Amino acid sequence: MSFPNNFLWGGAIAANQCEGAYNEGGRGLANVDVIPHGPQRFDVAMGLREMLEFEDGYNYPAKEGIDFYHRYKEDIALFAQMGFKTLRLSIAWTRIFPHGDEEEPNEEGLKFYENVFKECHKYGIEPLVTITHFDMPIYLIKKYGGWKNRILIDFYKRLVTVLFTRYKGLVKYWLTFNEINDILFMPFMGAGLVFKDGEDQKQAKYQAVHNELVASSWATQIAHEIDPSMKIGCMLAAGSHYPYSCRPEDVFAAMEKDRESYMFIDVQARGYYPRYALKMFEREGIHIQITKEDENILKENTVDFISLSYYSSRCISTSENNKDGLGNMFAGTKNPYLKESQWGWAIDPLGLRITLNALYDRYQKPLFIVENGLGAKDEIEEDGTIQDDYRIDYLREHIKAMEQAINEDGVDLLGYTAWGCIDLVSASTGEMSKRYGFIYVDKDDQGNGTLERRKKKSFDWYKKVIESNGNDL
Ligand code: BGP
């Protein structure tokens, strides 16, 4: 096993899933604040329900998160103990611009992240910052209709200008939108879209997609103007699609499903819409407002690197009998060759190697795995320990696969940040019991608990992995 000397080992968290303090420091309300846990979660995340009724329903346990807002020093010290080289975290837009359309930013919010970044540097940890991780001001949704309105591009430009100027010298690596392709599956969570009855959802989604893609390119341009050494990446919810069988129809369907996501990165990495996407818009009657300036901005500002989350591969069948992949937001078909997590996510380390190769072959740009991990229910033993060997097994196999992608296939990989390196609120369930961390946080699905931090068995294991630069797994 060998990894490049400067390989960026670390972990990943997101503001909306860990910070809490939703009404402190001048923060405004965000879309993520009104997505309840429980049965209505998906309807709201998908924009299918009017969100206003949930406005006061900022539900436990998301309300308080894991209180990272007040405990970040303690948490970063623990990450430093594991030897993190990098920490991926995100900015809550509503801390910087509570409504999103103000002229001037909120100093208290800016100061908070400045303190967090400085705390990271104290330990030699390089922050890797997601500008928006499922997170936008409610005000922009109510007043402007979210990302389907291209005026959001201007507000986003203002946001990133403030961030790049203020954090120049503190943050080098930036990601513009978390899992940008999630707009298609969770348009309220990803882009603040709420659909009216009878509205053409596809049209609205792809206009929002375009606006985000243009905003992302502007961010790349603005960053490079402010500080040419900044590296801007896109972020894809990745995971190759396998045909369920070798029937050509299944193979074709898997190719099309891959393209649904690749389209985003094709634009961000190559600078223009691929022809298959333009044909699809034509076929589906989707008319996107694209200006000449948009075209130029996209063309001239492709990303510096491509980041991805990878949890599982997906399997596609064209036969109606095989559509049984519940428990996965990308619902596909159950793959009979793979085991699954407690939430039905297929466990496929080789799939990571396949995905890395596919992305590297396609774009020839450095890759960065910014999310990977196993969501599982952890039990505290009588002696107070948490023996999460299942998590260690999952991570070990995925790290092996990425090592092979680097050394046997020649993939250029910048780093690896394990998702939810400290337990936090799950994005799909809005609850705590789906845990990913090396550090246990005492809190349950009703929001009760002391918030005490406790190292799991995987904590020392990951420390050893980083210390040995991936040699000792
Ligand atoms: C990704 C998100 C993360 C994260 C992760 C795990 O889609 O970027 O925010 O939560 O998935 O998903 P979950 O929390 O639903 O298990």
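Predicted model: local features only at pLDDT ≥ 70, side-chain atom pairs only at ≥ 80, totals over all residues.
**Reading a barrel and its annotated glutamate**

Biologist: How do strands of a sheet pair?

Modeller: They pair through backbone hydrogen bonds, either parallel or antiparallel. Here, take Leu175: its bridge partner in E5 is Gly233.

Biologist: Which strands make up the closed barrel?

Modeller: Eight strands, in the order E1-E2-E3-E4-E5-E7-E9-E10. The pairing is parallel. From one strand to the next, the twist averages 25 degrees.

Biologist: Which strands does helix H13 lie across?

Modeller: H13 (residues 349-363) lies across E5, E7 (305-310), E9 and E10 (413-419). The helix runs at about 160 degrees to E7.

Biologist: Where does UniProt place the feature "active site"?

Modeller: At Glu371, according to an unreviewed UniProt entry. Glu371 lies in strand E9 (residues 367-371).

Biologist: Is Glu371 buried or exposed, and why?

Modeller: The cut-off for buried is 20 or more other C-beta atoms within 10 Å. Glu371 has 24 C-beta neighbours inside 10 Å, so Glu371 counts as buried.

Biologist: What does Glu371 touch, not counting residues up to four places away in sequence?

Modeller: Ala12, Ser309, Thr417 and Trp419.

Biologist: Which residues come nearest to the ligand?

Modeller: Glu179, Gly375, Ser426, Ala427 and Ser428, of the 13 residues around the ligand. By class, that shell has four nonpolar, six polar and three charged residues.

Key
Residues numbered from 1 in each chain as written. UniProt positions renumbered as here; feature names shortened; annotations may be inferred. Helix = DSSP H or I, 4+ residues; strand = E, 2+ residues; numbered from the N terminus. Buried ≥ 20, exposed ≤ 12 C-beta atoms within 10 Å, placed from the backbone. Contact = placed C-beta atoms within 7 Å. Near = placed C-beta within 6 Å. Nonpolar A, V, L, I, M, F, W, Y, C, P; charged D, E, K, R; others polar. Pairing = 2+ DSSP bridges. Axes fitted to C-alpha atoms, helices over the stretch in contact; angles between N-to-C directions.
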